[in-house]
Amino acid sequence: MEPKYFLAGVVLLILFILWRSRSRKAKRKQLAVPSNYVALLAQTVPYYQRLSDPEKSRFAAKVKEFLETINIEGIRTTVEPLDSVLIAAAAVMPSFGFPNWKYFNLTNIILYPGAFDEEYRLDGDRRPIAGMVGSGALNGQMLLSRPAVRAGFFDGHGKHNTALHEFVHLLDKADGIVDGVPEKFLRHTQTEEWERIVQHEIHRIEQGDSDINPYGAMNHGEFLAVSAEYFFQQPERMKEEHPDLYRMLSLIFNQQLA
């Protein structure tokens, strides 16, 4: 075979491989987004239901972009369309005030059929974990329990949303550390005020004088995530019960919900 024909054959082969790779990626993206994702948002996500029509369009577009970008896989369970949509909604809610935000510190979400232990095992009586952001070998991974994800959206009167809690940890981690001080979203003077409010609210929890989840008293990182759950699930109630905390969370997330 003459060299020029051989070279042409190599070029054609490379082009075919590139085309097939792009085609597979496009197909994966298409399959990752349920065809009825907008209907599922309307049926199951109270936050989405409260948005104006233009905001609903932007929210749905962000959900679609998230599902096309972040891989969601199941461990001993099948990821159903509802699971994908709820996880994506939980990702978009805390970042919705930042139109260009992308979760640069996340590549993969692992969905479990139930709670798990510190070794990520599903067996045994002691399985206290419903969600976590991975570190070390699991850096860039998020682990979630399917029942906990669904409960966060189906309990209309609750203040808990496990998936949202973990995505708030990722927002907190945007400055390099999960410490409950989201420096990327607050000016320095606001950071000082935020820390004063956190100390006050944790003291109230410890005294039994607060309706905030006691888990928030563990440390400042958990307080931010727990109070964010409350903020997004029951904003009107938080504004009434914790006006200063509500005001600061509105600044942090760049959203007025009540």
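Student: Where does lysine 159 lie relative to tyrosine 230?

Tutor: A charge sits over a ring if NZ of Lys or CZ of Arg is within 6 Å of the ring centre and within 35 degrees of the ring normal. In this predicted model, lysine 159 lies over the face of tyrosine 230, 5.4 Å from the ring centre. The charged end of arginine 58 also sits over a ring, that of phenylalanine 96, 3.8 Å from its centre.

Student: What should I keep in mind about the numbering and the model?

Tutor: Residues are numbered from 1 along each chain as its sequence is written. Local features need pLDDT of at least 70, side-chain atom pairs count only at pLDDT 80 or more, and totals for chains, interfaces and linings use all residues; side-chain values use heavy atoms, with hydrogens and water left out.

Student: How many aromatic pairs are there?

Tutor: A pair of aromatic rings is described by the distance of the centres and the angle of the planes. Rings of Phe, Tyr and Trp (its six-membered ring) pair if their centres lie within 6.5 Å; planes under 30 degrees apart are stacked, over 60 edge-to-face, the rest tilted. The count here is 18 aromatic pairs. One of them joins phenylalanine 59 and phenylalanine 96: edge-to-face, 5.4 Å centre to centre, 65° between the planes. Phenylalanine 59 is in helix H4 (residues 53–69), and phenylalanine 96 is in the loop between helix H5 (81–95) and strand S2 (108–112), 37 residues apart. Helices (H or I, at least four residues) and strands (E, at least two) are DSSP runs, numbered from the N terminus.

Student: Which residues do ring pairs link into a cluster with Phe59 and Phe96?

Tutor: Tyr47, Tyr48, Phe231, Phe232, Tyr246 and Phe253.

Student: Is phenylalanine 59 buried or exposed?

Tutor: Buried means under 20% relative accessible area, exposed over 50%, partly exposed in between (1.4 Å probe, protein chains only). Phenylalanine 59 is buried, at 0%. Phenylalanine 96 is buried too, at 5%. Buried residues make up 47% of the 258 residues in the protein.

Student: Which residues have a positive phi although they are not glycine?

Tutor: Arginine 76 is one of them, with a phi of about 55°. Arginine 76 lies in the loop between strand S1 (71–74) and H5. At 61% relative accessibility, arginine 76 counts as exposed. Asparagine 254 also has a positive phi of about 55°. Asparagine 254 is in the segment after helix H11 (243–253) and, at 49%, counts as partly exposed.
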